[in-house]
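Here is a short briefing for a first look. Keep the sequence and the 3D view open while you read.

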Amino acid sequence: LTNYFHSGTYLVFEDGNVDKPVSKEREWSNNRFHFDDVQKAMLTLFTVSTFEGWPSLLYVSIDSHTENFGPIYNYRPLVATYYIIYIIVIAFFMVNIFVGFVIVTFQNEGEQEYKNCDLDKNQRNCIEFALKAKPVRRYIPNDDRIQYKVWWFVTSQLFEYTIFILIMMNTITLSMKFYRQPQPYTEWLDFLNLLFTAVFALEFVFKLAAFRFQVSFIIIDYAVYFCIFFQNYFGDAWNVFDFIIVLGSFIDIVYSEVTTSSGTKHFSETTCLLFSQRRFQETKQTNSIVRLNDLGASTIISINFFRLFRVMRLIKLLARGEGIRTLLWTFIKSFQALPYVALLIVMLFFIYAVIGMQVFGRIALDDDTAIHRNNNFQTFPQAILVLFRSATGEAWQDIMLDCSAREEVRCDENSEDKESKEGCGSNFAFPYFISFYVLCSFLIINLFVAVIMDNFDYLTRDWSILGPHHLDEFVRLWSEYDPDAKGRIKHLDVVTLLRKISPPLGFGKLCPHRVACKRLVSMNMPLNSDGTVLFNATLFAVVRTSLKIKTEGNIDEANLELRHIIKQIWKRTSNKLLDQVVPPPGIDDEVTVGKFYATYLIQDYFRRFKKRKNYDRNSEPASHMTLLAGLRILHKKGPKLKRKISGTLHESASSINPEPTHRVGVFIWCL
C-alpha cells in the first residue's frame, strides 16, 4: 500500500454509538520512533536500551516495507536479530559495565580517606564496633526459684525454636484462605487462628511472669496511687511488639464475634419486618438491603484492619535466627549511609520538577495523550509524580514526545498562550527527559546499590574471616555473665565465654582448655585489681588477635602505632577508653590476662613435669613375667590410664565453671 491508496475518508463512531458517525480524513504518517535520520535513530535506540516499549518497536520494524510503502505483517522477520544483538551488547553488557564502574568508583572514592591507613575496611569496621559497643542489660531473677525456672524456660533455645515453628505454621494457615471457601473450612481456619492466638498469649503470660513486675505507691497531692511497672518486660522492644500483636489479635477475635452476632440479629429483625408489612415490601426491602450492605462494608473494613495483626506475626521471625538478625543489622547499617544519596536524589527531583513546571506546565490536558489529569506538570506534586514515574521507566518516552514541539500539543485554556498556534510543547523535552533518566536511573539509583553492596560485602567474603556482623553475638552472650551491664566480668569467665562463641569470633566448644588459655596469653587484656576484665577491652582484644592487627614485633611499639591510628581515625575516642583497649607502654607492673594465664600455663607444665619425674623415680625393675602381665593390663586399661596421667589443664581448672554462675545447678523444665 502507498500514500495514494490511503487517501480518502473513514468513519469513526463517537463513544461507540452507531447513530453518531463522524467522517475523518485518512493520514499518512511515520511511527513516533523511527530510523529516518541519525538523531531519531539514536533516540529510538536509547529508548530500546531502557527496555521501555521495545517490543512494539520490534514488531513495527518487522512489518516495515520499502520507502513510501505501508507495513506488511511479518515482512522482514530477520530484523529481530538486530534488536536482539543490540539489547545483548548494549543493554546487558555495556549498561551493566557502566553500572559496575559507578559502584567501583564509589567504593574507591570512599577508601581515599584511608589510603595512608594500615588497616583495611573490615578491620576498621570491627574496631569501630568494639569502640562504640555497650553491654546490654539482661534481667535474671535471683531470689525466686520458681520465677527463675520460668525465666530459664522462656529464654531457652527449646522455647525459641518452638515459637519459631508455631510462627511458620501460622504463616502457612494464613496462606490457605481462598475466595468462596466452604463454611466448614472457614470455621476450621478460625479455630486455628484462635489456637495460635492462645499460644502467643500464653507466651506473653510466661514472659510477663518471668520478667517480674514491680508494685509501687506514688503520693501526689496527698493522694496515694497504686502503680504496677513492667519495666523488665517492656524494656525489650521485641517484647513490646509481641504485646501489641497479642492485644491486636484479641481485639480482632472479639470484634469479629460481636459484629457477626449483631449482623445476624439485624438480618433476622429485618426479615420479620418484611413479612409483617407486605404493603411496604419493596420500600422496606430496598432499605434493608442498603442497611445490610452498609453494615457489611463497615464490618469488612474494621475486621480487615484488625486482621493485619495476624500478618504482623511474621515480623517476629526477625528476632529469631542468627542469619536473619545479621541481615537485619546489615540492612540498618546500609540505611545509615543512605541519607546523603537520598539528599542528592531529592535535590535532583526538586530542580527538575521546578524546570518542568516552568517549561511544560502550560500544556493542555488530553486523555488521549500521556499528559492528562493524573500526569502533568501543572503543580509541584504532580511534577514530582511524573518524574518518579519516569525514573522507573514507565512510558517515559511517551511523556517526552507529548511534551515536545508538535501541533498536537496544545496550550491549556487557562494559560496566557491559549491562542498560540505553535502550541506549548518544546523540543527542550528531549534533553530534559534523557538527562533526567541518565542521571537518576543510571547514576544515582545505582548509588543505592553501591551503598548496599558496600555493607553486604561479607556475603561474598570468606566466612572464616571475622567481620562486624559476628560481633553482636559477643554482646549478647556477655549479658549472661554481666546481666546488670556493669561492663566487667571475672577473668575466669572469659575462657568459658569465648568457648561458647563459635569461630571466627570465639574459640568454639571443641577448643581444648589449654589452647584457649594460650590464645588468651596473646590477647593480653588489662586485668583489674578485683580480678575482672572490661567489656570493650575484651571485645577489642578478640578483634585484634583474630584479624592480626598490630600483633607482630615489639608489643609496646605495636600499641603506640595502634593508638596513633585510633586517634587519627576516631578522633572522639576518650583517653580512658583508649587506655582500656590499648594500654600505653611503660607500665611494667601492670597485671594483664596474658601474664596471668602465662603463669598459669607455666605452673601447669611444671606440675606435669614433676608428676612424670616422680613416676619415673618410683618405678622399679620387674621380672620378665611381671613385665608381660603389666603390658597386658596396660593394653586393657590404656585409654583410662592415658586420661589419668595426661595431666591436662581440665583437672587444674576444675574450679572454673563451664556456665555462668546464675545457671549452675539449675535444670530445664518444660510444660
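A residue counts as buried when its relative accessible area is under 20%. By that cut-off, eight of the 10 residues of helix H18 (residues 491–500) are buried, so H18 is largely enclosed by the rest of the structure. The model is predicted.

**Helix H18**
- The buried residues of H18 include the run Asp493, Val494, Val495, Thr496, Leu497, Leu498 and Arg499.
- His491 is also among the buried residues of H18.

**Where H14 meets H16**
- Helix H14 spans residues 380–391, and helix H16 spans residues 429–455.
- Their axes come within 9 Å and cross at roughly 65°.
- That angle makes H14 roughly perpendicular to H16.
- The crossing of H14 past H16 is right-handed.
- H14 brings Leu387, Ser390 and Ala391 to the contact.
- H16 brings Tyr432, Phe433, Phe436, Tyr437, Cys440 and Ser441.
- Sorted by class, this contact of H14 with H16 has seven nonpolar residues, two polar ones and no charged ones.

**Cys126**
- Cys126 sits in helix H4 (residues 121–132).
- Its relative accessibility is 0%, so Cys126 counts as buried.
- Cys126 and Phe540 are 414 residues apart in sequence, while their C-alpha atoms are 8.5 Å apart in space.

**Gln397**
- Gln397 belongs to helix H15 (residues 396–402).
- Gln397 is buried, with a relative accessible area of 5%.
- Not counting residues up to four places away in sequence, Gln397 touches Phe33, Thr47, Glu52 and Gly53.

**Annotated segments**
- An unreviewed UniProt entry carries the annotation "transmembrane region" for residues 82–106, 150–168, 188–206, 213–231, 237–255, 337–360 and 429–453.
- In the model, residues 150–168 are 89% helix and 0% strand.
- The end C-alpha atoms of residues 150–168 are 24 Å apart.
- Residues 188–206 are 100% helix and 0% strand.
- For residues 188–206, the end C-alpha atoms lie 27 Å apart.

How values were computed:
Residues numbered from 1 in each chain as written. Predicted model: local features only at pLDDT ≥ 70, side-chain atom pairs only at ≥ 80, totals over all residues. Heavy atoms only, no water. Axes fitted to C-alpha atoms, helices over the stretch in contact; angles between N-to-C directions. Helix = DSSP H or I, 4+ residues; strand = E, 2+ residues; numbered from the N terminus. Parallel < 35°, antiparallel > 145°, perpendicular 65-115°, else oblique. Left-handed = near helix turned anticlockwise from the far one by under 90°. Contact = heavy atoms within 4.5 Å. Nonpolar A, V, L, I, M, F, W, Y, C, P; charged D, E, K, R; others polar. UniProt positions renumbered as here; feature names shortened; annotations may be inferred. Buried < 20%, exposed > 50% of the residue type's maximum accessible area, 1.4 Å probe, protein only.
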